[in-house]
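Reader: I am new to reading protein models and would like to learn how to read one feature at a time. Could you take me through this one slowly?

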Amino acid sequence: MQKIAVESLTLYFDAEEREAAGWVRQACERSARLLREQWGLAAPKDCRVYIMTSWLDFAFRSAPWLWKMLLALTLPLWAFRIRKLWPLAGGWAQSYGRRRTVGVKPPRLLQLADRRMGERIFIEEGTLDEKVQRITCHELTH
């Protein structure tokens, strides 16, 4: 897994997701700047953004070590719900104590997503790259 420092965040991604990481990086830079300039908000000290290609991989890669053990022990209690939400979600925000994490799907996975609910609730985006950037901004705002 590769990582890049972006503003006060850290962006993690697999090498094959380099292009998606570029879009997410731009969104992180703009979002962090907007939150700081408009509302005086800074990102938490331990804030990580992941290009997520699987719900299980994101949960375990983003969690601190002690949380990984808790997640593994409780997996049967939450896995079914998360697996059901995976096709619908473009991104997730998750807190593990003081660590804040954001997961954003790359465009190739957004293309496969079930868009019916999103089309009823949200404004239609032009391209998948724009959608990745909007999802990143949305999740960082959480």
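Author: Let us begin with strand pairing, for which one rule is needed: two strands count as paired if DSSP finds at least two bridges between them. Please keep in mind throughout that this is a predicted model.

Reader: How many bridges join β2 to strand β3, and in which sense do the two run, parallel or antiparallel?

Author: Three bridges join β2 to β3, the strand of residues 47-51, and the two run parallel.

Reader: What is the partner of β2 in an antiparallel pairing?

Author: That partner is β1, residues 2-6, which pairs with β2 in the antiparallel sense over five bridges. Within this pairing, Q2 of the sequence has F13 in β2 as its bridge partner. Strand β2 itself, residues 9-13, is mostly covered, since four of its five residues are buried.

Reader: What should I know about where side chains point in a strand?

Author: As a general idea, the side chains of a regular strand alternate between the two faces of the sheet.

Reader: Which residue takes a positive phi in the hairpin of β1 and β2?

Author: The residue is E7, in a hairpin that has two residues between its strands. Phi of E7 is near 55°, and this is a positive value in a residue other than glycine. E7 is found in the loop between β1 and β2, and with a relative accessible area of 40% it is partly exposed.

Reader: Where else can I study a hairpin of this kind?

Author: Turn to strand β4, residues 91-96, and strand β5, residues 99-104, which run antiparallel and are joined by six bridges. In that pairing, W92 stands opposite G103 in β5. The hairpin of β4 and β5 has two residues between the strands, and there G97 takes a positive phi near 65°.

Reader: What is the handedness of the unit that β2, α1 and β3 make, left or right?

Author: To judge a crossover, one looks with the strands pointing away from the viewer, and a clockwise path from the first strand over the helix to the second is called right-handed. In this model, β2, α1 and β3 make a β-α-β unit that is left-handed.

Reader: Which residues make the nonpolar surface patch?

Author: The patch is made by L34, W39 and L41, and its area is about 330 Å². L34 has its place in helix α1, which covers residues 18-39, and at 40% relative accessibility L34 counts as partly exposed.

Reader: How many disulfides does a search of the whole structure find?

Author: The search of the whole structure finds zero disulfides. C28 is in no disulfide, and the nearest cysteine sulfur, that of C47, is 7.9 Å away, whereas a disulfide would need the two sulfur atoms within 2.5 Å. C28 is buried, with a relative accessible area of 0%, and C47 is also buried, with a relative accessible area of 8%.

Reader: How far apart are I135 and V104, in sequence and in space?

Author: I135 and V104 are 31 residues apart in sequence, while from C-alpha to C-alpha they are 6.9 Å apart in space. I135 lies in helix α6, residues 128-141, and I135 is buried, because its relative accessible area is 13% and the cut-off for buried is under 20%.

Definitions and conventions:
Residues are numbered from 1 along each chain as its sequence is written. This is a predicted model: local features need pLDDT of at least 70, side-chain atom pairs count only at pLDDT 80 or more; totals for chains, interfaces and linings use all residues. Side-chain values use heavy atoms; hydrogens and water are left out. Buried means under 20% relative accessible area, exposed over 50%, partly exposed in between (1.4 Å probe, protein chains only). Patches are made of residues with over 30% relative accessible area and no salt bridge: like charges are joined within 9 Å, nonpolar side chains (Val, Leu, Ile, Met, Phe, Trp, Tyr) within 5 Å. Accessible areas come from the Shrake-Rupley method with a 1.4 Å probe; for residues, only the protein chains shown count as cover. A salt bridge is a side-chain nitrogen of Lys or Arg within 4 Å of a carboxyl oxygen of Asp or Glu.
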